[in-house]
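Here's a quick briefing to read with the model open in your viewer.

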Amino acid sequence: MKTIQVVLDKSLLQATDRAARRMKHNRSALVREALREHLRRLEVRTREERDREGYSRQPQIVVETSLWEREAAWPAE
């Protein structure tokens, strides 16, 4: 691991410390976990945007979606 320095305003630091105590983590562990989660969400968002762009450049045609509709197992209502 590498030690870094991060500047936080007072209210964010206090909220961080409260959350760390509630989660029974130290501040560093909480920040690491939060950063990992944020980076994971960014990656998901990037993939979703890429998929959206691809589908907008080459939209599906009705025949393609109807093939999948027949394969789908929809629950009874």
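Predicted model: local features only at pLDDT ≥ 70, side-chain atom pairs only at ≥ 80, totals over all residues.

A salt bridge here is a side-chain nitrogen of Lys or Arg within 4 Å of a carboxyl oxygen of Asp or Glu. In total, the structure holds four salt bridges.

**How α1 and α2 pack**

- Helix α1 covers residues 10-23 and helix α2 covers residues 27-57; the two pack at an angle of about 95°, and their axes are 9 Å apart.
- Angles of 65 to 115 degrees count as roughly perpendicular, so α1 sits roughly perpendicular to α2.
- On the α1 side, the contact is made by L13, T16, D17, A19, A20 and M23, while α2 brings in R27, L30, V31 and E33.
- Sorted by class, that contact of α1 with α2 has six nonpolar residues, three charged ones and one polar one.

**A look at T16**

- T16 is part of helix α1.
- Is T16 buried or exposed? Its relative accessibility is 12%, and the cut-off for buried is under 20%, so T16 counts as buried.
- Leaving aside residues up to four places away in sequence, T16 touches L8, R27, L30 and V31.

- D17 and R27 meet through their side chains in a salt bridge, with 2.7 Å from N to O.
- This pair ties together distant parts of the chain: D17 belongs to helix α1 and R27 to helix α2, and they are ten residues apart.
- R27 has a relative accessible area of 42%, so this residue is partly exposed.

- How far along the helix is that? E37 and R40 are three residues apart in helix α2, so about one helical turn separates them.
- E37 and R41 are both in helix α2 too, four residues apart, which is about one turn of the helix.
- Through salt bridges that share partners, E37, R40 and R41 are joined into one network.
- As for accessibility, E37 is partly exposed, with a relative accessible area of 29%.
- R40 also counts as partly exposed, at 45% relative accessibility.
- R41 comes in at 51% relative accessibility; exposed means over 50%, so R41 counts as exposed.

Conventions
Residues numbered from 1 in each chain as written. Heavy atoms only, no water. Axes fitted to C-alpha atoms, helices over the stretch in contact; angles between N-to-C directions. Parallel < 35°, antiparallel > 145°, perpendicular 65-115°, else oblique. Contact = heavy atoms within 4.5 Å. Nonpolar A, V, L, I, M, F, W, Y, C, P; charged D, E, K, R; others polar. Buried < 20%, exposed > 50% of the residue type's maximum accessible area, 1.4 Å probe, protein only.
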